Each structure stands twice: as structure tokens, then as C-alpha cells.
Amino acid sequence: MTQDVPEDDDLTCTQVVMLITDYLDDALPTTERALLDEHLADCDGCSAVLEQFRTTVAVTGTLAQDDVDRLDDTTREELLGVFRRWSADRPPA
Ligand SMILES: [Zn+2]
């Protein structure tokens with residue numbers, strides 16, 4: 001086996017990161033939310049990302065550059081891409 005192919009109903013870390021903002025907004029359908037919870041229970045990396053998002057969004061309502069800088073490069077790039085799209089969908093208050 002050269003590749004780790006997830007089962008159909010398993011989320012990858014990238015998918016989890018992409019869904020995290022919806023998760024925090026309570027915008028996920030119950031099924032997806034359950035899958036995300038399942039992944040988070042087993043994945044320290046995604047749990048850390050979720051905590052980071054949760055704390056940051058709770059305190060500032062947005063994602064600060066300093067918070068992003070503390071993440072590893074791959075996660076940071078993924079988060080930044082996700083967050084840019086997320087922000088782009090939201091008109092400034
Ligand atoms: Zn993960």
C-alpha cells in the first residue's frame with residue numbers, strides 16, 4: 001500500500017480544516033458534524049486547529065496573523081486559504 005486512502009465516510013484533515021468554520025458557526029448538517037467530531041476525537045492536529053480557531057474567533061471575531069504564525073507551515077497555508085474564502089463570503093460588519 002503506497003497511499004492512505006480514507007474510507008468514504010472518513011474525513012481527511014484537509015476536509016476537516018475546510019469545515020471548521022462552519023462547525024464553529026453551527027452551520028454543519030448533523031451528519032457532517034458527527035463525522036467531524038469523530039475525526040477530532042482521533043486527530044490531535046485538527047483538535048489543535050479547532051481550538052486555535054475557537055479561541056481566536058471568540059476573542060477577536062477574526063483570525064489574527066500572530067495566531068496563524070504559531071501553526072506549522074502546512075496547516076497555516078490551509079487555514080489561510082480557508083479563512084480567506086470564509087472572510088470573502090462575509091461582508092465587513
Ligand atoms: Zn485531522
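**Confidence first**

Reply: Begin with pLDDT, the predictor's confidence in each residue, from 0 to 100. The protein has a mean pLDDT of 76, and 66% of its residues reach 70 or more. This is a predicted model, in which local features need pLDDT of at least 70 and side-chain atom pairs count only at 80 or more, while totals for chains, interfaces and linings use all residues. Residues are numbered from 1 along each chain as its sequence is written.

Me: How do I check the length of a helix?

Reply: Compare the end-to-end distance with the expected span, which is 1.5 Å times one less than the number of residues. Helix 1 (residues 13-24) has 12 residues and reaches 16 Å from first C-alpha to last, close to the 16 Å expected. The 13 residues of helix 2 should span 18 Å, and its end C-alpha atoms are 19 Å apart, which agrees.

Me: What share of the 93 residues is buried?

Reply: Burial is a count of other C-beta atoms, placed from the backbone, within 10 Å of a residue's own: 20 or more is buried, 12 or fewer is exposed, and anything in between is partly exposed. Buried residues make up 15% of the 93. In helix 1 the buried ones are V16, V17, L19, I20 and T21.

Me: Why does V16 count as buried?

Reply: V16 counts as buried because it has 21 C-beta neighbours inside 10 Å. Contact is another test: the C-beta atoms of two residues, placed from the backbone, must lie within 7 Å. Leaving aside neighbours within four places in sequence, V16 is in contact with L11, L36, H39 and C46. The C-alpha atoms of V16 and L35, 19 residues apart along the chain, are separated by 9.1 Å.

Me: Which residues of helix 2 are buried, and which are exposed?

Reply: An α-helix has 3.6 residues a turn, so residues three or four places apart point the same way. In helix 2, L36, H39 and L40 are buried. They lie on the same side of helix 2, because they cover an arc of only 100 degrees around the axis (the arc of the directions from the helix axis to the C-beta atoms). On the other side, T30, T31, A34, D37, A41 and D42 are exposed.

Me: Which residues form the largest nonpolar core?

Reply: In soluble globular proteins, nonpolar side chains tend to be buried together. A nonpolar core is a set of buried Ala, Val, Leu, Ile, Met, Phe, Trp, Tyr and Cys residues joined through C-beta atoms within 7 Å. The largest one has 11 residues: L11, V16, V17, L19, I20, L36, L40, C46, V49, F53 and L79. Helix 1, helix 2 and helix 3 (44-60) each give two or more residues to this core, and helix 1 gives the most, with four. As for L40, its contacts, not counting residues up to four places away in sequence, are C46, S47 and L50.

Me: What should I look for in the loop between helix 1 and helix 2?

Reply: Look at backbone angles and exposure. D26 is in this loop, and its phi is near 60 degrees, a positive value in a residue other than glycine. D26 is exposed, with 7 other C-beta atoms within 10 Å. L28 is in the loop as well, but counts as partly exposed, with 18 C-beta neighbours inside 10 Å. Beyond four places in sequence, L28 is in contact with L19, D22, Y23, R33 and L36.
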